[in-house]
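Here is a note for a colleague who is opening this structure for the first time. Please keep the sequence and the model side by side while reading.

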Amino acid sequence: MKIVVMLKTLLFNLIKGPVTRKYPYEEREPFPGERGVILMPDESKCIYCGLCARKCPSNALTVTRAPGKEWKYERFRCILCGACVEACPKKCLEFGSRKQG
Ligand code: SF4
Ligand code: SF4
């Protein structure tokens, strides 16, 4: 009896095809409403005050003023809490799709 169940499962899976994707060749489309990543669309608006980095609970942001001005985001540290987006006085940060990031 078990062989019948096994064959049924085997046939079903052969017809249905694989449930996995060939990542990275086939990427999953992001879910609607996903927060994705933090983006700074217009870096010229940033005054490098560092407020976003100070508010970040996971140290995903680094802001340096000297020697060169730099705003750095580490995507894999980010927990997408949104504290940086809220804290930015120039409103230059936003959530964006992973496709853009
Ligand atoms: S809080 Fe806004 S203006 Fe300040 S460093 Fe961060 S992104 Fe730039
Ligand atoms: S969303 Fe939260 S964790 Fe991610 S960079 Fe902004 S403050 Fe840090």
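1. The model is a predicted one, and its chain contains three helices and four strands, which follow one another along the sequence in the pattern α-β-α-β-β-α-β.

2. As for overall dimensions, the radius of gyration of the chain is 22 Å, whereas a compact globule of 101 residues would have a value near 13 Å. The C-alpha atoms fill a box of roughly 70 × 25 × 25 Å along the principal axes, and buried residues account for 26% of the 101 residues. The accessible surface is about 8,100 Å², with 58% of it belonging to carbon and sulfur atoms. Of the contacts between residues at least 6 apart in sequence, 56% join residues at least 24 apart.

3. Which residues are the closest to each ligand? Ligand 1 is surrounded by 13 residues, and the closest are C46, C49, G50, C52 and C88; by class, its shell holds 12 nonpolar residues, one polar and no charged. Ligand 2 has 14 residues around it, with C56, C78, C81, G82 and C84 the closest, and its shell consists of 12 nonpolar and two polar residues, with no charged ones.

4. Strands β2 (residues 61-64) and β3 pair in the antiparallel sense over four bridges, and they form a hairpin with five residues between them. Within this pairing, V63 stands opposite W71 of β3. In a regular strand, side chains alternate between the two faces of the sheet.

5. Two peptide bonds deserve a look, since most peptide bonds are trans. The bond that joins Y23 and P24 is cis, with omega about 10°, and P24 lies in the loop between α1 (2-16) and β1 (37-39). A cis bond also joins A66 and P67, with omega about 5°, and P67 is found in the loop between β2 and β3.

6. Two residues other than glycine have a positive phi: Y48, near 55°, and K91, at about 50°. Are they buried or exposed? Y48, in the loop between β1 and α2 (51-55), counts as buried because its relative accessibility is 9%, under the 20% limit. K91, in the loop between α3 (83-87) and β4 (94-96), counts as exposed because its relative accessibility is 53%, over the 50% limit.

Notes
Residues numbered from 1 in each chain as written. Chains lettered and ligands numbered in written order. Predicted model: local features only at pLDDT ≥ 70, side-chain atom pairs only at ≥ 80, totals over all residues. Heavy atoms only, no water. Near = heavy atom within 4 Å. Nonpolar A, V, L, I, M, F, W, Y, C, P; charged D, E, K, R; others polar. Pairing = 2+ DSSP bridges. Helix = DSSP H or I, 4+ residues; strand = E, 2+ residues; numbered from the N terminus. Rg over C-alpha atoms; globule rule 2.2 N^0.38 Å. Buried < 20%, exposed > 50% of the residue type's maximum accessible area, 1.4 Å probe, protein only. Contact = heavy atoms within 4.5 Å. Areas by Shrake-Rupley, 256 points an atom, 1.4 Å probe, with all protein chains shown as cover.
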